[in-house]
Amino acid sequence: MSSTTQIPAPRLVVTTHTADGTSVFASDSQITHFQPFGPKGSSFSRFHSRLSVPVSNASFPPDLSGTLPRCPSESVMFCTTDFPPGAQAPMHRTQSVDYCAIISGEIVLS
């Protein structure tokens, strides 16, 4: 991919259930990439955020799609980050437990 080519917009399918317990689809949408550093910088796609744990599944989570993915203390968040080829990100420390899975390409930690 060139530095201006993004990964495709991720798809988010949310399920719920009816009053009698039948599983149904609540929504099926594409997540918009958030590009706070411009078209050649990293982009973020936030799938789910809750501001406290345990969460209530009786309501939809807040829309935080246009914000940097920061996970406040005692909350939960799921998002992806797309680093364009040659991109650099500073090492940093968070108060959350973060997981990283490389879907395509490679990342060099130094």
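1. Cys79 counts as partly exposed because its relative accessibility is 24%, the terms being buried for under 20% relative accessible area, exposed for over 50%, and partly exposed in between (1.4 Å probe, protein chains only). Cys100, at 66% relative accessibility, counts as exposed. The cysteine sulfur closest to that of Cys100 belongs to Cys79, and at 11 Å it is too far for a bond. A disulfide is taken as a pair of cysteine sulfur atoms within 2.5 Å, and the count by this rule is zero disulfides.

2. On the basis of the note: this is a predicted model, in which local features need pLDDT of at least 70 and side-chain atom pairs count only at pLDDT 80 or more, while totals for chains, interfaces and linings use all residues. Residues are numbered from 1 along each chain as its sequence is written, and side-chain values use heavy atoms, with hydrogens and water left out.

3. The secondary structure of the protein chain consists of zero helices and four strands, where helices (H or I, at least four residues) and strands (E, at least two) are DSSP runs numbered from the N terminus. Along the sequence, the pattern reads β-β-β-β.

4. The C-alpha atoms of the protein chain fill a box of roughly 50 × 30 × 20 Å along the principal axes. Of the 110 residues, 15% are buried. The accessible surface comes to about 8,800 Å², with 56% of it belonging to carbon and sulfur atoms; such areas come from the Shrake-Rupley method with a 1.4 Å probe, and for residues only the protein chains shown count as cover. With contact meaning heavy atoms within 4.5 Å, 46% of the contacts between residues at least 6 apart in sequence join residues at least 24 apart.

5. Strand β1 (residues 11–17) pairs with strand β2 (residues 23–30) in the antiparallel sense, over seven bridges; pairing requires that DSSP find at least two bridges between two strands. Ser23 in β2 is the bridge partner of His17. The hairpin of β1 and β2 has five residues between the strands, and there Gly21 takes a positive phi near 95 degrees.

6. How many salt bridges are counted? The count is one salt bridge, defined as a side-chain nitrogen of Lys or Arg within 4 Å of a carboxyl oxygen of Asp or Glu. It joins the side chains of Asp28 and Arg11 at 2.6 Å, N to O. The pair links distant parts of the chain, with Asp28 in strand β2 and Arg11 in strand β1, 17 residues apart. Asp28 is partly exposed, at a relative accessible area of 47%, whereas Arg11 counts as exposed at 57% relative accessibility.

7. Apart from neighbours within four places in sequence, Arg50 is in contact with Val55, Ser56, Ser59, Phe60, Pro61, Ser75 and Val76.

8. A nonpolar patch on the surface is formed by Phe83, Met91, Ile102, Ile107 and Leu109, which together have about 540 Å² of accessible area. Patches are made of residues with over 30% relative accessible area and no salt bridge, like charges being joined within 9 Å and nonpolar side chains (Val, Leu, Ile, Met, Phe, Trp, Tyr) within 5 Å. Met91 is found in the segment after β4 (76–82), and counts as exposed at 64% relative accessibility.
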